[in-house]
Amino acid sequence: MSEFDPHPIGERARTMIEALASISAGDDRLTRLYLTPEHKQASELVGEWMSRAGLSVRMDSAASMHGRLPAGRAGSRSARRLLIASHIDTVVDGGRYDGSFGVVAGILAIEELRARGIALPFGLEIIAFGDEEGVRFPKTLIGSSAISGNIDPSILETTDHAGETLRNALLDFGCDPDALHSEAYRADEIIGYLEVHIEQGPILDQSDEPLGVVTAIAAQSRHRIRVSGEAGHAGTVPMALRRDALAGAAEVITMVEQLAHSGHRDELVITVGEISISPGAVNVIPGDALLSLDVRAKSDEARAHAVATLRERLHQIGARRGVVIGIETVHEKSVVVCAPWLRAAISSAIGELGGPKPPQLMSGAGHDGLAMAHLTDIGMIFVRCRAGISHSPLEHVSVADMGYAVEALVRTILEIAKGNSE
Ligand code: GLV
Ligand code: MN
Ligand code: MN
């Protein structure tokens, strides 16, 4: 990498990351779900940082925190702005950098631009979304869907595991659920969307590169599979007469794993991440099983083909076992390609810091860019994380890599400014 010393900015990032990581649900793991008291506390902290960076701060009706800096160049009356965002929710027992680092990087980049006396010809807006993981409610990307004008009003009636509706959770948080649909931004006021995010995979680490340019975000869908059998006595119902929902679910899990293995290398990944059964007692044959299913592929065709095959096989398993297997789609996004002009700006910014040909890679993980692409062009900078580990407390990013990432963001913004001199 170049003469640039990443450590001072990287250290500031580390302090902020540690402060955010200390805000968690009441156990020794990092768990910060959407619209919880810890989400509120993290939002307040981010709001303080935004104010300190000179931004005007507001929370929207989806509980996303926004910090805005108007265009700074003398005589510029531009209402147009560049959006820079990531998320502050986590998975259960998650890592401290996923999402949080993107928000921290955005705030630090603005601090750097101001400290260097740079006046831009457009405004900047940092956003901390509250729901990228989609762990609390079955829907996901709620904040980014709201501002990109892509929210389905029925979403308010979805419920979390405790049966609380999104509507009530928003009200308890202090947000107006009925204003969600009016959060949509006007496309002509937005220049583009940038996000810095940890790679969450091994490519940068293996190639010994701190930063990469994202080419596209993989297609994804989430589903709920319900296996309905018949509960009965564990001691009296002969094996041949059972309609065991959990045994059916076990076959479903093995089937989806085989299906994913049968795809082209890295083309398709399928995960069952949650299962609940009822009634759930040692001496009762399970009558009902509910599974979550997450399907991702590098192309829309591969994902659609996998889901179609999966439906067929579910039907076969159900018929053979005498159980009813239903599948419901709760989230579906096509592949989103990053805009060539933003990729070029990011490449040249990273190129100034390191080699002329920064790695270009596709994201298997989902990001708010999937929703933001409905509004505007998107671009993403990936940052190396140790051994590619993410969604785990072992997630780690070095101080130096955080410093490089913030500087790459600053330089990307300057690249974009070269082409936007209003
Ligand atoms: C979020 O991290 C996702 O890809 O599910
Ligand atoms: Mn993330
Ligand atoms: Mn994540």
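A residue is taken as buried when its relative accessible area is under 20%, as exposed when that area is over 50%, and as partly exposed in between. By this scheme Asp93, at 24% relative accessibility, counts as partly exposed in the predicted model described here. Asp93 is found in the loop that runs between strand 3 (81-87) and helix 3 (100-115), and its backbone has a positive phi of about 60 degrees although the residue is not a glycine.

A second residue other than glycine with a positive phi is His391, for which the angle is near 55 degrees. His391 is placed in the loop between strand 16 (378-383) and helix 11 (399-418), and, because its relative accessibility is 41%, His391 counts as partly exposed. A further backbone feature is the peptide bond from Ser278 to Pro279, which is cis, with omega near 5 degrees; Pro279 is found in the loop between strand 10 (275-278) and strand 11 (284-285).

With regard to the chain as a whole, the secondary structure comes to eleven helices and 16 strands. The radius of gyration is 23 Å, which agrees with the value near 22 Å that a compact globule of 422 residues would have. Taken along the principal axes, the C-alpha atoms fill a box of roughly 80 × 45 × 40 Å. Of the 422 residues, 56% count as buried, and the accessible surface of the chain comes to about 17500 Å², with 52% of this area belonging to carbon and sulfur atoms. Among the contacts in the chain with a separation of 6 or more, 80% are accounted for by residues 24 or more positions apart.

Val103 has its place in helix 3 and is buried, with a relative accessible area of 1%. When residues up to four places away in sequence are not counted, Val103 touches Val46, Ser86, His87, Ile88, Ile126, Ile127 and Ala128.

Leu370, in turn, lies in helix 10 (residues 369-372) and counts as buried at 2% relative accessibility. With residues up to four places away in sequence again left out, the residues touched by Leu370 are Leu141, Ile217, Ala218, Gln220, Lys333, Ser334 and Val336. Leu370 and Ser145 are 225 residues apart in sequence, while the distance between them in space, C-alpha to C-alpha, is 8.9 Å.

As to the cysteines, the structure holds zero disulfides. Cys385 is in no disulfide, and the nearest cysteine sulfur, which belongs to Cys338, is 17 Å away, whereas a disulfide would require a pair of cysteine sulfur atoms within 2.5 Å. Cys385 counts as buried because its relative accessibility is 0%. Cys175 is likewise buried, with a relative accessible area of 6%, a value that falls under the 20% limit.

How values were computed. Residues numbered from 1 in each chain as written. Chains lettered and ligands numbered in written order. Predicted model: local features only at pLDDT ≥ 70, side-chain atom pairs only at ≥ 80, totals over all residues. Heavy atoms only, no water. Helix = DSSP H or I, 4+ residues; strand = E, 2+ residues; numbered from the N terminus. Rg over C-alpha atoms; globule rule 2.2 N^0.38 Å. Buried < 20%, exposed > 50% of the residue type's maximum accessible area, 1.4 Å probe, protein only. Contact = heavy atoms within 4.5 Å. Areas by Shrake-Rupley, 256 points an atom, 1.4 Å probe, with all protein chains shown as cover.
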